[in-house]
Amino acid sequence: MAVLENIRKRTTVLILIIGLALFAFVISGVFTSSNFGAGGKIGSSVAEINGKEISIDEFRQKVETASQRMGPTVSSMQTMNQVWDQEVRRSILEEQFEDLGIGIEQDQIVDFLRTTGYAQNPEFQNENGVFDPNRFRSTVLDWKNNNPAQYDFWLQTEKEIVQMAKEQTYFDLIKAGVGATLKEGELDYKLANEKMDIRYVRVPYSSIPDSTITVTKSEISAYVNEHKDDFKQDPARDIQFVYFSEKPSDEDDLAVKEAITKLLDDTVEYNAQTDRNDTIAGFRNTQDMEAFLDRNSDIKFDTIYKAKKNLPSSVADTLFALNVGEIYGPYKDAGSYKVSKMMGRRPNGSVKASHILIAYEGATRANPEVTRTKEEAEKEATRLLAEAKKSGVVFAELARDNSDGPSAPNGGDLGYFQQGTMVPAFNDFAFGNDVGTIGMVETDFGFHVIKVDDKEDLVQIATLSREVTASEETTNKLFTDATKFEMETIADESAFSEIAQKSEYLVRPVNKIKQLDENLPGLGAQRAIVQWAFNEDTEVGDIKRFNINDGYAIVQLTGIYKEGLMSAEDASATVLPIIRKERKAAQIMAANQGKDMNAIASDNNTTVSTASALTVKSPTIPGAGSEPVIVGTAYGMKEGETSGLLEGNTGIFKIEVTKKTEAPKLDNYATYANTLKTNSANRVNSDVYNALKESSEIEDKRATFY
């Protein structure tokens with residue numbers, strides 16, 4: 001942003017802005033130290049896991065390597081977090097490997113490679129495309145001797161492979177101890193297939209208004225202390241901000257539209273060298289469109305002929321309908337004003353075709369496995385041509401089953417192509433025949449059975465384009481407005497929202513930001529704001545300005561959440577409904593104790609209902625929702641038995657089991673036992689690791705460095 005360059009041109013604006021900015025800087029404390037990071041002494045480790053430190057230098061190296069591998073589309077924080085997860089996993093599991101003596105030998109690595117994607121590396125495969133251990137070893141040795149960079153990269157990859165192989169061995173050992181008995185299989189079968197019919201009455205909790213239940217702050221605190229594991233919190237911050245976006249004003253928009261409109265027609269300019277007026281051809285009449293657009297447009301002259309589908313969707317119909325020489329515009333597209341002119345049209349300029357290639361030994365690019373002679377290939381192509389012309393034959397299926405070409409998996413579809421793209425014989429057939437025509441041609445690649453699938457017109461469009469950008473006046477005003485707002489809010493931190501509302505600025509809150517968050521809603525990737533919010537010197541109410549993309553964000557810290565147990569205020573949104581539900585349940589049960597179902601229904605303005613074919617595996621009661629406790633209780637009751645008052649998810653129930661239908665007995669429950677075993681084994685990797693991680697002591701210091 002060239003704001004400072006722009007404001008230097010205006011002395012009055014410069015003096016005002018510098019004065020405002022210096023005042024804001026002084027009172028906001030930007031000259032104090034520790035603006036970034038968590039403060040304090042920085043150690044040499046990024047983490048300590050179960051007493052073992054992870055070196056920050058080693059960690060950074062791994063992040064750098066991962067960043068190179070992932071490319072620019074993945075942010076640095078995303079890459080760092082992925083490496084972190086890998087390092088935590090490696091460190092935790094390595095303890096288990098050491099305790100159990102799990103190691104991986106070279107032969108095991110080779111065996112492991114066979115079952116992974118690495119086996120698909122062509123450098124590791126023989127001439128038949130099959131993973132070859134000898135080729136693998138010779139390739140790695142060649143890298144070591146002749147390509148050190150590739151070899152170093154492979155060493156890192158090898159470490160990952162060894163880690164994966166160890167993990168597979170470790171989890172396989174655990175899975176070997178996972179099983180299910182036939183009795184467990186039988187129970188699982190019964191829970192899914194034994195059905196119950198019930199009569200029930202339900203008094204919903206909603207029948208008692210929330211307003212009648214008073215819950216004090218001390219009661220919320222007591223509940224939190226009794227359920228500490230459910231109310232642990234990590235450090236977090238709340239902020240609010242006003243974003244001043246450097247976007248064009250209505251005046252800027254109109255100015256660009258007027259400027260591009262003036263370029264349409266010829267203009268007359270005085271030429272001092274010839275002492276006469278020259279006529280400068282406009283967009284409408286220029287004879288050198290390429291040079292004209294080079295001088296006057298943000299985009300160059302695109303000489304490529306395009307199909308309608310490749311034109312801007314919002315104006316494609318209009319542009320495609322223009323006659324050669326006609327103009328459309330100005331129109332707005334993708335933040336720019338544009339004017340387009342039809343320069344040329346090619347009817348049927350693009351063809352879509354499919355083909356069946358029958359190659360022969362010695363043909364260009366023929367697969368080494370092809371051994372047929374040229375004569376045999378021609379005979380086979382002739383046979384397929386006759387087959388393709390038969391009524392009801394699907395050409396794509398014929399190509400998929402018979403073609404030697406790389407397009408065979410796609411049914412021989414070659415997509416759309418223009419004149420000169422294909423070899424001459426193929427090109428002439430495709431462009432010289434009508435849609436639907438099927439024929440055969442010979443090229444250096446073999447014999448082609450071709451079907452012309454479609455044709456479309458192509459057009460050449462010249463477009464004069466000018467992006468609508470913020471003017472110098474707009475950017476100066478933006479800077480002044482942002483600085484003024486910052487100054488006023490720092491002077492009265494408690495009036496942030498009121499000052500913004502007075503100036504009709506939108507205040508956007510962002511709650512519960514975590515220490516390693518990067519993306520903030522409405523602002524995108526803004527690590528600097530997160531670091532400032534977590535700085536030990538930043539207090540609730542503090543305000544700071546940040547340069548954001550093409551604009552400024554004036555940010556205020558509004559809340560600090562320390563690590564540990566939630567306060568009553570923070571937990572109230574979760575705890576209040578729980579305590580209210582408990583109180584309502586107690587009231588309803590006390591008021592209906594000893595009553596039968598009809599009396600409960602009458603006294604509580606509800607009805608006695610029925611539900612049929614309930615199972616424990618699908619514990620949903622029509623009209624009440626998911627009620628596993630109620631259905632589970634019914635499963636343990638006898639037919640004709642009536643329960644006492646039961647506390648469910650949505651209300652207090654009283655039920656009567658009217659019918660129980662036993663599941664048909666099976667000769668063998670092995671299928672259900674095996675399903676239980678498989679499901680348990682499938683959960684081993686994640687459940688075991690999560691349990692190990694939960695029991696580990698992890699000191700995370702990443703926020704100090706990132």
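A residue is called buried when its relative accessible area is under 20%, exposed when over 50%, and partly exposed in between (1.4 Å probe, protein chains only). The structure is a predicted model, in which local features need pLDDT of at least 70, side-chain atom pairs count only at pLDDT 80 or more, and totals for chains, interfaces and linings use all residues. Residues are numbered from 1 along each chain as its sequence is written, and side-chain values use heavy atoms, with hydrogens and water left out.

Rings of Phe, Tyr and Trp (its six-membered ring) pair if their centres lie within 6.5 Å; planes under 30 degrees apart count as stacked, over 60 as edge-to-face, and the rest as tilted. Across the whole structure, 25 aromatic pairs are found. One of them joins F124 and W154, whose planes stand at 75° with the ring centres 5.9 Å apart, so this pair is edge-to-face. Because F124 lies in the loop between α5 (106-114) and α6 (133-146), whereas W154 belongs to helix α7 (residues 148-175), the contact ties together parts that are 30 residues apart in sequence. Helices here are DSSP runs (H or I, at least four residues), numbered from the N terminus. Both F124 and W154 are buried. A stacked aromatic pair is formed by Y328 and Y331, at 5.2 Å centre to centre and 25° between the planes. Y328 is partly exposed, at 29% relative accessibility, while Y331 is buried, at 6%.

Ring pairs also link F124 and W154 with F131, F136 and W143 into a cluster.

Charges sit over rings as well, a term that requires NZ of Lys or CZ of Arg within 6 Å of the ring centre and within 35 degrees of the ring normal. R89 lies over the face of Y689, 4.7 Å from the ring centre, and K660 lies over that of Y635, at 5.5 Å.

Conventions: Helices (H or I, at least four residues) and strands (E, at least two) are DSSP runs, numbered from the N terminus.
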